[in-house]
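Biologist: Before we discuss any labels, could you show me the model, and then take me through the grounds for each of them?

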Amino acid sequence: MKRITLGISILAAACGTQREVVQPIPSPAQPTQPAAQVTTVPLLVDTITAAEITARVAQFAPATLDFDDRTLAPWEKQVLAKLVEASRIMHDIYTVQVSPQNPAWRAQLAAQEGDGKEATLEYFDIMVGPWDRLAHDEPFLEVGPKAAGAGYYPADMTKQEFESYLAANPGEKDALTSYFTVITRDGNNRNKLVPVPYSKYYHDHLQRAAGLLREAAQLSQNASLADFLRKRADAFLSNDYYASDVAWMDIANSRVEPTIGPYEVYEDHLFGYKAAFESFITVADPAASGELDNLKGQLKELEARLPMPDQYKNVNRGFESPIRVVDVVYSAGDARRGVQTIAFNLPNDERVIEAKGSKKVMLRNVMRAKFEKILTPISQTVLVNELAAQVDFQPWFINVLMHELAHGLGPQGVNKTLKERHSALEEAKADVTGLHNLTVLAERGVYTPDFVRKAYIAHLGDLFRATRFGTSEAHGKANLIQFNYFMEKGSLKFDNTTQRFSADLDALVRHNRELATEILTIQGLGDYERAGRLITQYGTDVRPEMRNAIAQLNRVPVDVKPVHAVFDKMKTW
Ligand code: ZN
């Protein structure tokens, strides 16, 4: 939940049914093409043709990520330029975190000749490595499977070996399981595992990055920004990130909002211990941030008005996490691979969250790019014209935020009792509760009824976007539950004439609230059986209407490929 990519963290996009059929390349036996000519890049796995890899690249629609630099002061632009440079270093570190062989493989690929070379290089760059993140990390180059522990552990180390070693060496547990160490083998004793701090393992890279952060701090006329940059530079070299995480929470009144360093552990499929380097260099929109920040003042009331029995409500919890609306200037490392993040919630360090809370950052220009390239064509394909014409960015943007805020409302900590049924239910809860909250906010005059209507309509498009890549993963299942529920109740209807979906919006608001009541009550009771009944009844069957609709979406891109406008802009700075 810390990072939101638009609910396609697990994808079956490589399954043939969901992608356009690609034309095979001309047979090499044709007289115009000498047999000796290389037709595909030799490194490609032989079941993947040049046309296939080109089609995979085409799943990512190029999207320019722009931001408003007209109101930035000269010093702010200089700081941004330094941070972009530091971000490139983050990307280099991340590349070897994914696999230490990545730089060599890429160089090898670049030196080859043959059809599909450019597409293969591009796909390598999108995926940051030779494994397809849209296809369960299957390799598209002849390099073998991806190590579960990525580049964080010795390639030949098993889970079992690490666990046994940990049990035999309890005193080293903290260092071995630290977010910020790479595990290596002792040169003299191969059975001995040695945790090496990032500050040492990536020393040269981090020293250069620290230098750039200090130069940026020197240029900064905002003291809180300079403080973060200096403390993060220190952390790169000391391996202690606490003080700089605190300073990141304290960045105030700054247009420049950088997030840079090791954060998420998704790349470590072995244990989820090791943090990947990344950066989101962004420019904040203070007016939009202030507007959303005001929503914090509504959260207590929203908790009180959740459609569930009062005994499960908690109006006394803290509702203070700041919300920032930003535009991405540059992203790198873990923040740029594969499917693009649209919002995040950091830091992850519980000690910092305890002391300072966490910050929700909404990446507006990334969201806009996905809205235009993905959600809009999906809505136009599956919804009747009258509805599709009302799908607007701002209501959708607020709806995504409401989903995020809704995770923090209602019964908490029920994952232990609802077990494997929890995550789909929690995602469904965030959707339906978020929509319900918008209705409440309309009653309180925060949003107009028209705006809220449009948010509901945009959500209908989202139901198809999220179920498109399968319903086994939490987001897909959560959306299938809603779709089937609304279809059964009749607020969502399939129109045989147009072969698209229409909706009775008044009924939809009501049915959405009823579904919210059921899910929140299941969570309040911690009722594992009842959760199972809801999932069986609504989260299992994909109706033929839905299946047909999804089949029509194969021309819509899976995601966007960021094209950062900053490099053109920098020429004029
Ligand atoms: Zn969610």
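**Grounds for the labels**

Biologist: Why is S87 called buried?

Modeller: The relative accessibility of S87 is 0%, and buried means under 20% relative accessible area, with exposed over 50% and partly exposed in between (1.4 Å probe, protein chains only), so S87 counts as buried. This is a predicted model, in which local features need pLDDT of at least 70, side-chain atom pairs count only at pLDDT 80 or more, and totals for chains, interfaces and linings use all residues. Residues are numbered from 1 along each chain as its sequence is written, and side-chain values use heavy atoms, with hydrogens and water left out.

Biologist: What makes the link between the side chains of S87 and S279 a polar contact?

Modeller: Their side chains are joined at 2.7 Å, and the term requires a pair of N or O atoms within 3.5 Å, where within protein one must be able to donate a hydrogen and the other to accept it, and residues adjacent in sequence count only if both atoms are side-chain atoms.

Biologist: Which residues does S87 touch, not counting those up to four places away in sequence?

Modeller: With contact meaning heavy atoms within 4.5 Å, S87 touches I260, S279, I281, Y330 and A332.

Biologist: Where is the place of S87?

Modeller: S87 belongs to helix α2, residues 74–98, helices being DSSP runs (H or I, at least four residues) and strands likewise (E, at least two), numbered from the N terminus. The protein has 24 helices and 14 strands.

Biologist: What share of the 573 residues of the protein counts as buried?

Modeller: The share that counts as buried is 57% of the 573 residues.
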